[in-house]
Amino acid sequence: MRNELRRVRNIGILAHVDAGKTTTTERMLYATGATYKQGEVHDGTTVTDFDVQERSRGITIFAAAVSVDWAGHRINLIDTPGHIDFADEVERALRVLDGAVAVFDGVAGVEPQSESVWRQADRYGVPRIAFVNKLDRAGADLDAAVASIRERLGATPLVVQAPIGAESGFTGVADLTAPPDPALVEQVAELHPGAFEEYVETGTLTTASLRAALRELTLRGEALVVLCGAAYRDIGVRELLDAVVAYLPSPLDLDPPADPQAPFAALVFKVQATTTGRYAYARVYAGTLRKGAEVRESNADAKERVARILHVQADRYTDVEQAVAGDIVALIGLRNARVGETLCDPAHPVVLEPPSRAVPVVSVAIEAKRRVDSGRLATALARLVEEDPSLVVRTDPETGQTLLSGLGELHLEVAVEKMRLAGNGLEIAVGRPQVAYRETLVRGVTGLYHRLVKQDGGSGLYAHVSIDVTPSTEDFEFESTVVGGHVSKEYVRAVEAGCRDALAAGPVAGYPVTGVKVTVTDGKMHDHDSSELAFRLAGREALQLALRESQMALLEPVAAVTVTVPDDMVGAVLGDLMARRAQVGGAAPRGGTVVVTATVPLAELFGYATRLRSRTQGRGTFTATPAGYAPAPAGVLAG
């Protein structure tokens, strides 16, 4: 069984959008005989981009798993999204992969999302090889692409192939490991002690020694093997498959190595709910799982039985009897398992590290167009969040709106469209979130005397109150200085309740009022017509009158924003922040980037994710957290 595990490769395909990642995957499927026809992105015939939105948009949105056989090895391959809005999908895939192929555009070299996925792979210590694609295009330059890998990713590239021809005349690749190329041998000898000794003794390296050293350097993350080709024209794809087998790790190369005889342990990295069932995709790290077995869900502290184990080929599934360490499978029967859930032997509980989760930065208001569909919308939102944990649904306590938050505007657009497509006529309205403004007191009034008298037979209403209204650093303060029993204690409490009622809507624009202190200084009761209701009404009306006579100001919610951008783009980003009325706190260098901190009005952050990516060619990121309220300038509501 260990020999079988040595022949397994669990890898991902990573790239910037449009670098040719999905086309490379499709050619690998075709080369290995997994498909009989080459799938094309532009024709909507790809195996891994099988979702209706992926085919209509021509981009990868959801990570898809496929398996191929090559040179006596089983390669479990996950094609990942390239757009930054779906970076969390990449994160979840990287958590369960042993190695990766980073695909680069031969013309553009390292692009913005190339950097992002590279940093993600760094966090998990995933060994990588590189495939410089599209060398048949005008302007393609392998040397320039390799230089960008060295400069922008900080990697040590080792080019193991030379292109034959250039641009439209590109016809193939030459292997620089057989026979060993002197320049490559010297590079490897400088990095690998064993290779250095052989090189000193013999003046060269054998092909076997060179490839062994390249593998060790790859597994340790000390060098990056670089291959080249043109996947669309099926050039270099078979050589890439050979490199996956030769240089990327098997489950036995992990720490600790996979052991089919150990107690069962697996990690759920994807959940998909369909009309045919609920699929929990899991990577098995240890032991053997058999169909019908009971497993413990460590995070939920529950036990469930695995009804079916499925081998996955994109959107096609085949039942299997068992899954062993190193396998990536889909499981049916686990109703409670969520992304990041550890599945284990009930007798040997263990918790595996879950994938990290990105913080949502963009929100939209969402509601059912028909009130009768509100329940269906709630169900659809719950299913959506279950499948994609980077989406968050919450109710704004100030506005009452249902807000859907995600990693970008495209992310949210795709999520809403997914609900519409699956909703069987569910009509959804999407709008800009409302901003929860507040009103506050700048200068108050004192000695305001208010009389509430309604005596027209029967039980009447009688309450006189005198109040002082002043600014406060608290949301609301209340005290009484009434003496001589002019107003009883229970009626004073009623005045306080009435004042709190008045705070619900201020005189400026009807927003809640904050920063007010009310002092009851005097009043008058009636033996028969005074009541708690009368004094509550009097308290509300008195404060409403006082606020109308006071000097008020509008407050707007602000967010503490941290923006990380390349150091050569700071000026444009700072200018844009200032245009958004930001109060910039500072800018600190951090390894080729600059981290800018600022306080920004929440209303000015709508659309900022898209704007930031546009200004930084997709290389800028930001986080935003609520930071209270600040005075709003005149005319902000009109704007």
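This is a predicted model: local features need pLDDT of at least 70, side-chain atom pairs count only at pLDDT 80 or more; totals for chains, interfaces and linings use all residues.
Local features need pLDDT of at least 70 and side-chain atom pairs count only at pLDDT 80 or more, while totals for chains, interfaces and linings use all residues. Residues are numbered from 1 along each chain as its sequence is written, and side-chain values use heavy atoms, with hydrogens and water left out.

Two packed helices are described by the angle between their axes and the distance between the axes. Axes here are lines fitted to C-alpha atoms, for helices over the stretch in contact, with angles from 0 to 180 degrees between N-to-C directions. Helices (H or I, at least four residues) and strands (E, at least two) are DSSP runs, numbered from the N terminus.

Take α13 (residues 489-502) and α14 (residues 532-549): their axes come within 7 Å and cross at roughly 45°. The two are therefore oblique to each other; that label goes to whatever is left once angles under 35 degrees (roughly parallel), over 145 (roughly antiparallel) and 65 to 115 (roughly perpendicular) are taken out. On the α13 side, the contact (heavy atoms within 4.5 Å) involves residues including Tyr491, Ala494 and Val495, and on the α14 side Phe535, Gly539 and Leu543 are among them. By class, this contact has 8 nonpolar, 3 polar and 5 charged residues. Ala, Val, Leu, Ile, Met, Phe, Trp, Tyr, Cys and Pro count as nonpolar, Asp, Glu, Lys and Arg as charged, and the others, Gly among them, as polar.

Helices α15 (residues 570-579) and α16 (residues 608-615) pack at about 155°, with axes 10 Å apart, which makes α15 roughly antiparallel to α16. Here Ala572, Val573, Asp576 and Leu577 of α15 meet Tyr608, Arg611, Leu612 and Arg615 of α16. That contact splits into 5 nonpolar, no polar and 3 charged residues.

Now for the single residues. Thr440 sits in strand β24 (residues 438-443) and is buried, at 14% relative accessible area; buried means under 20%, exposed over 50% and partly exposed in between, with a 1.4 Å probe and protein chains only. Its side chain reaches the backbone oxygen of Thr514 at 2.9 Å. Beyond neighbours within four places in sequence, Thr440 is in contact with Thr514, Gly515, Gln551, Met552, Ala553 and Leu555.

Ala504, in the loop between α13 and β28 (513-514), is exposed, with a relative accessible area of 52%. Not counting residues up to four places away in sequence, Ala504 touches Gly510, Tyr511 and Pro512. Arg438 lies 66 residues from Ala504 in sequence and 9.8 Å away in space, C-alpha to C-alpha.

Conventions. A polar contact is a pair of N or O atoms within 3.5 Å; within protein, one must be able to donate a hydrogen and the other to accept it, and residues adjacent in sequence count only if both atoms are side-chain atoms.
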